[in-house]
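This report concerns the arrangement of nonpolar and aromatic residues in one model. Please consult the sequence and structure shown here.

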Amino acid sequence: MAWRKQIVDWLDLRLGIRDLLEQNLTKYLLPRNINIWYTLGAVLITLFVLQFVTGILLLIYYVPDPAEAFLSVTRIMNEVPFGWLIRYLHVVGSNVIVIALLLHMLSVLFMKSYYRPRELTWLSGFLLFNLSLGLCLTGYLLPWSQLSFWATTVATDAAGAIPLIGDEVVRFLRGGPMVGDVTLGRFFALHVMGMPLLLGLLVGLHLFCVRRAGVSRPPFGPDYEPWEPQGSFRHQEHPGGIPFFPHYTTKDTAVIFFFLAALLGVVFFAPWLFLPPGALEPADPFVTPAHIKPEWYFLWAYQTLKIFPSKMLGLGVQAALMTFLALLPFIDRGPERRPARRPLFVACYVLGVLLIAGISVWGHYS
């Protein structure tokens, strides 16, 4: 292996590779009390890579045309070697990503990890969450099934409640008055090119913010002390902490494999959870299903529009909630991060989660 050492030495002399690895792996220290919730970022990166790989493989056989889309997906499932596995991994994987994103955001909220100077980290993560939902929405239409056609019709129809410009927004999203071939072309372009590019940029910005500011210390334990940033930039150090490699990466790997095992469990034993019967019928614009509903992560928004007497009011409530969440680091400015000393926040947090979950269940059975 002398040739390998010579190559590494040659590169190290010019790029300082060994020093770079040491500074970012073995000498990069994390809080000693770091918990399992901090591993969700690595889980999400793994799942995004899996989505990218399976998406590329599906593109080899998928035809983005209303007359061929459903047939091409059927061909992938029944004729292409391991096509069913690749498609199930892509479909189920997108739902697991939403679950991991929700858990990641809820843990950040609970531990107030968005506290300054991490406002940009929170904002980039919040945009990533919404962009991921956009990817799910655009990808949902591509199989051109009865379920995807009408779910997209319902989802795009909601934009019509926007005052003054609602009809124009709907026409822009669909490319016409109804969901059709132009809609499929636009959603396909956004799903395979536009949104993935933006997602890659946002992931890079998010990781850069995390690395530059440093990992926030979990607000638990008797030794915890609030960390106040100074007037100028300062990376948060953790003297006496654990090395990123191999200590923390071992925990990362364990949680990643847990999520992959859960993903494969659904793929092999319960794929129907995310592919109901309506997803197995080709789209028919002239036959409206009796109880068409959006995906589970849009049910709260769907039911909110039904609760209020007008769609405009429902959209206003949703917009207010999302704006509040996006600006939370600029609203919640107190230095205290320990949940036990923030009873009002914890009460609102628990009630908010229960309310969203309850409205979603209501939307499912309504």
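The model is predicted: local features need pLDDT of at least 70, side-chain atom pairs count only at pLDDT 80 or more, and totals for chains, interfaces and linings use all residues. Residues are numbered from 1 along each chain as its sequence is written, and side-chain values use heavy atoms, without hydrogens and water.

The largest nonpolar core comprises 65 residues, and Tyr62 and Trp144 have the most contacts inside it. Such a core joins buried Ala, Val, Leu, Ile, Met, Phe, Trp, Tyr and Cys residues through side-chain atoms within 4.5 Å; buried denotes under 20% relative accessible area, exposed over 50%, and partly exposed in between (1.4 Å probe, protein chains only). Helix H5 (83-111) is among the suppliers of this core. Apart from it lies another core of eight residues, including Tyr28 and Met111.

Trp144 and Phe149 are both buried. Their ring centres lie 5.5 Å apart with planes at 85 degrees, so the pair is edge-to-face (centres within 6.5 Å; planes under 30 degrees stacked, over 60 edge-to-face, the rest tilted).

| Nonpolar group | Value |
|---|---|
| Largest core | 65 residues |
| Another core | eight residues |

Ile45, with a relative accessible area of 38%, is partly exposed and is placed in helix H3. Helices are DSSP runs (H or I, at least four residues), numbered from the N terminus.

Notes
Helix = DSSP H or I, 4+ residues; strand = E, 2+ residues; numbered from the N terminus. Phe/Tyr/Trp six-rings, centres within 6.5 Å; stacked < 30°, edge-to-face > 60°.
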